[in-house]
Amino acid sequence: MYPQNRNRRLRTKTALRNLVRESSISPHDFIAPLFVVEGTSVKEEIVSMPGYYRLSLDYIKKEVKQLYSMGVQAVLLFVKVSDSLKDNLGTEALNKEGLMQRAIKEIKNNIPEIVIMTDIALDPYSKYGHDGVVKNKQILNDETNLILSEMALSHSICGADIVAPSDMMDGRVLAIRNALEKNGHVNTGIMSYGAKYASSFYGPFRDALDSNPGFGDKKTYQMDFHNRKEALNEINADINEGADIIMIKPGLSYLDIVREVKNSINIPLAVYQVSGEYSMLKAAAKLEWINHDEVMMEQLISIKRAGANMIASYFAKDVIKLIS
Ligand code: PBG
C-alpha cells in the first residue's frame with residue numbers, strides 16, 4: 001500500500017529496470033521463414049514485404065549460413081512453385097527432386113547444425129491455391145491427410161528436422177506421426193499450427209508464393225477469429241495426436257490465445273508473427289509515422305511476454321542486428 005509501496009522505485013534508472021525485467025529476446029528465440037524459388041542468383045524482393053526476398057538455392061545457402069552465424073537456430077521453408085507444376089492433388093509436393101526437397105538437402109549438407117523446419121500444406125502446389133484436395137468446391141479432409149503424410153515423410157527423408165503442418169485438416173498430426181513412425185523416422189518432430197485462424201494478415205505471404213485461393217476462402221478449415229475456446233480444443237487434439245511443438249498464428253492480434261494456451265499446455269509454444277504484421281510495420285515506418293525499431297521490439301517482446309517460447313518472424317535479422 002502507498003506510501004510503503006511505490007511502484008516507481010524500481011524504475012528510477014536503466015540498470016535497475018534491466019535488473020527487474022521479466023521478458024527478453026535473444027537470437028535463439030527466432031525461427032526465420034524463407035521463401036525459395038527456382039534458378040540461380042535469384043533474389044527477388046516481395047513487393048508487399050519490403051526488405052524480404054524470394055531466394056534461389058545458392059542464395060538460400062548463404063542466407064542460412066548468415067542466419068546461423070547470427071545465432072538463429074531454425075529456418076522454416078516455403079517454396080514458390082511455377083503454375084505449370086500445380087494440380088489438384090499437389091503431386092509436385094511429393095517429387096523427390098522437387099524444390100523443397102532440394103532446398104532441405106542443400107541446407108542439410110551445408111549447415112547441418114541448424115534446425116530445418118518445413119511447411120506441410122498443399123497450397124503452394126495446388127492449382128486452386130487451397131491447402132487440401134478440392135472436390136465440388138469442398139476441401140477434402142482425409143484424402144488430404146494421406147498426401148500430407150507422404151509429403152512430411154519425403155521432407156524427413158531429405159533431412160528435415162521438424163515438419164510443420166499449416167493446413168488445419170483434422171487428424172493430420174496423427175496421420176503424419178504414423179507415417180514417420182512406420183518408416184523409422186522416429187526423431188522427426190512435428191510443429192503443428194494448432195490454432196491457425198482464417199486471417200487477412202496472410203495477404204503478403206500469398207503474394208510471395210503466388211498462392212491466393214482461386215475460389216472462396218479458407219474459412220472451412222482455418223479457425224474463425226471470433227473464437228477462443230475452440231483454440232484449446234484444436235490444440236489438445238494436436239497434442240494427443242503427437243505434436244511436439246504447438247504454433248499459434250497470427251501473432252499480435254491473438255496474444256490472448258497465446259496466454260490462454262500457454263497456461264494450459266506443457267509443450268513448447270511457437271507464435272508466427274505473420275506477413276501482414278511485417279508489412280504494416282514496414283509501411284508505417286516508411287511513412288515515418290512510427291519508429292520502426294522501437295515498435296518492432298515492443299511487438300516482439302509482447303509476443304514473448306504473452307508466453308511464446310519461440311517466434312517465427314520476418315524481423316529475425318532486423319532484431320538481432322539491433323540487439324547485438
Ligand atoms: C499456407 C500458409 C500460409 C501462411 C503460412 N503457411 C498462408 C495461408 O494459410 O493462406 C501464412 C504466413 C504469413 O502470412 O506470413 N498453408
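Okay, let's start with helix H10: 15 residues, and 21 Å from its first C-alpha to its last, close to the 21 Å expected at 1.5 Å a residue. Keep in mind that this is a predicted model.

So what's tucked away in H10? The buried residues there are His292, Met296, Gln299, Leu300, Ser302, Ile303, Lys304 and Ala306. They pack against strands E1, E11 and E12, plus helices H8, H9 and H11.

H10 also takes us to a pocket. With 3 residues, H10 gives the most to the lining of the second largest pocket, which has a volume of about 290 Å³. If you want to find that pocket on screen, look for Arg17, Val20 and Arg21, then Met297, Ile301 and Arg305, which are among the residues lining it. By class, that lining comes out as 5 nonpolar, 2 polar and 4 charged.

Now the largest pocket, at about 340 Å³. It has 22 lining residues, and the closest to the centre are Gly51, Tyr52, Tyr53, Glu63 and Lys317. Which elements supply at least two residues each to this lining? Strands E1 and E3, along with helices H2, H9 and H11.

How many cavities of 30 Å³ or more does the structure hold? There are 2. The largest is about 130 Å³, with 16 lining residues; nearest its centre lie Asp123, Lys196, Tyr202, Phe205 and Lys249. Its lining has 6 nonpolar, 4 polar and 6 charged residues.

The second largest cavity is about 60 Å³. Lining it you'll find Glu38, Lys80, Val81, Ser82, Leu85, Glu92, Leu99, Arg102 and Tyr125. That splits into 4 nonpolar, 1 polar and 4 charged.

Last stop, helix H5, residues 172-182. Buried in it are Arg172, Val173, Ile176, Arg177, Ala179 and Leu180. Why do we say they line one face? Because, looking down the axis of H5, they fall within an arc of 165°. As background, an α-helix has 3.6 residues a turn, so residues three or four places apart point the same way. As for what covers the buried residues of H5, the list includes strands E5, E8 and E9 and helices H4 and H7. And after H5 comes Gly184, with a positive phi near 80°.

Conventions:
Residues numbered from 1 in each chain as written. Predicted model: local features only at pLDDT ≥ 70, side-chain atom pairs only at ≥ 80, totals over all residues. Heavy atoms only, no water. 1 Å grid on protein atoms, 1.4 Å probe; cavity = no way out; pocket = protein on both sides within 12 Å on 5 of 7 lines; lining within 4 Å. Points joined across faces, edges and corners; volume = space filled by probe spheres on them. Helix = DSSP H or I, 4+ residues; strand = E, 2+ residues; numbered from the N terminus. Nonpolar A, V, L, I, M, F, W, Y, C, P; charged D, E, K, R; others polar. Buried < 20%, exposed > 50% of the residue type's maximum accessible area, 1.4 Å probe, protein only. Arc of directions from axis to C-beta. Contact = heavy atoms within 4.5 Å. Expected span 1.5 Å × (residues − 1).
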